Amino acid sequence: MNTQTDLIEYLLRLGDSALIQGQRLCQWCGHAPALEEELALMNVGLDLVGQARNWLEYAAELLDDGRDADDLAFRRDERAYRNLLLVEQPNGDYAVTILKQFLYDAWHLPVLTGLSQSSDERIAGIAAKAVKEVTYHLRRSGEWVERLGDGTEESHARMLAAIPEVWRFTVELTSADDSEQRLCAAGITPDTAQVAAAWQNTVSALFASATLPVPPAASYFYLNARRGLHTEHLGILLAEMQFLPRAYPDATW
Amino acid sequence: MYAQLVETGVKRIKDLSEMSEQERHFQEKIDAEIKIEAKNWMPDAYRQTLIRQISQHAHSEIVGMLPEGNWVTRAPTLKRKLQLMAKIQDEAGHGLYLYSAMETLGADRDEEIAKLHSGKAKYSSIFNYPTLNWADMGAVGWLVDGAAIVNQVVLQRTSYGPYSRAMVRICKEESFHQRQGYEILLTMMRHGTQAQKDMVQDAINRLWWPSLMMFGPSDEHSPNSAQSMAWKIKRQSNDELRQRFIDQTIPQLELLGCTCPDPDLKWNAERGHYDFGEIQWNEFYEVLKGNGPCNQEHVATRRKAIEDGAWVREAAVAHARKKHNKNAA
């Protein structure tokens, strides 16, 4: 293993997560609970797909095998995708959508903040721009967790029901594999333990003000998106997202 | 987007001598091109006509998100996906501007939206046509937004101030998306495969006539236009705007290398305009009545979104009240 391989792997993880989360937000188009939410969901999705493009472009340059960011997004199968399991989960009701978004944002922000100090200038630049966007995402999703958690009886019950649906996937947010640890030691990526601690603090504080219980830490199980072992949801999501480039391989769009 | 058939409820236009003093004063302001503002006196029929028109316009923005939402999850490149997301986001924003402008007239947003969901309020007929291939995203941007812009550019001079100012802001964003739409088609025609070129022509064949219908009934069958023109809510007739759209669009069609699905389309040197074939008015009225290809689905989707989201909005209200009480204590 060399740093280059680790770095490509890491860029795919960042880019794929942002892309898949963005794709899930696209599925809300026209179905949101309020017009303001239509706007906000598309706004957040737009930020994330934009970030995905930046990460995947860099990954494609490092790969240097003739593929570009679009090839990486639209022509990789699920076993080659590296997104967090959390973001590929179905949207469910608004409680599930908001909770997924919040848990992701609470992880994403400390990751990007750390990356903005990366010894890799390209990464630091992309991350510095993304930090501004994700600061907004986290504020928004946090406010909604509070509103729904500490809103009506029904919204509280729905949040309680949403937690076990997605909580088990948070194990990926608080752990690191060898590849990530090597990048951290090289000063390219932030310390995973610090990210995990920041995530834990944000979630605990916000759940408390939302009158929601914080479950015990999720534990490791078979699935592992870092090795391309996804839930069954990703394949269907990709079938929809990749249909055109797959059906018309010679096309220029 | 646009509102295309708005009842004024007025049978006959009064001349100045028949008007009350208030009415005369109002009409003189209109004639002098002085904008009417929210707190000014206005005839009730003017107020109601504007509420109908602006709400129809706002509903069109919102329902108009659905045909594009249909393809946003399937956009073929990251760039196209980003463009489409930005466009849909703008449309939601346009809806918000317009509902705000409408509320300056004393109407209530939720009540007007409920009329949309019950089928009482209309929205632009164009959004009842399905988007069946990716080229539709280009054609909607180019033709549909193009037609909307021709309408809306004129509405920047509409007599009601809040509506006019909303149009100024909306037109800026809309023109950008229109150029993007055209560029989608141009890319497919110039650099695409035969299958892609076929998609473009197919999209134009399906969307050409519905786009022309966006300008509303022909002038002779547009009984509400005269009053709307006298009030300067409308500034130009449906047929004038439709002709302008055709004249400016045909050269763009030719540049694409596509054909127009109208065998009667022909340049008329004498008039200095294109002549064109008869619009299927039967189809237009059927779509407007609710019998178009997607009317049922789209209204049902919007109604379901609002119904399913009720608990979310209730939670937001309840939470805001709790916070307010806590701060007050």
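Here is a short report on the interface and the salt bridges.

This is a predicted model, in which local features need pLDDT of at least 70, side-chain atom pairs count only at pLDDT 80 or more, and totals for chains, interfaces and linings use all residues. Residues are numbered from 1 along each chain as its sequence is written, chains are lettered from A in the order in which they are written, and side-chain values use heavy atoms, leaving out hydrogens and water.

Let's begin where the chains meet. Contact (heavy atoms within 4.5 Å) involves 50 residues of chain A and 49 residues of chain B. Together the two chains bury about 4200 Å², 73% of it on carbon and sulfur atoms; buried area is the accessible area (1.4 Å probe) lost by two parts on being put together, summed over both.

A salt bridge here is a side-chain nitrogen of Lys or Arg within 4 Å of a carboxyl oxygen of Asp or Glu.

| Pair | Distance |
|---|---|
| Arg302(B) and Glu38(A) | 3.4 Å |
| Arg67(A) and Asp65(A) | 3.1 Å |
| Arg139(A) and Glu143(A) | 3.8 Å |
| Arg165(B) and Glu37(B) | 2.9 Å |

Arg139(A) is exposed at 56% relative accessibility, while Glu143(A) is partly exposed at 34%. Buried means under 20% relative accessible area, exposed over 50%, and partly exposed in between (1.4 Å probe, protein chains only).
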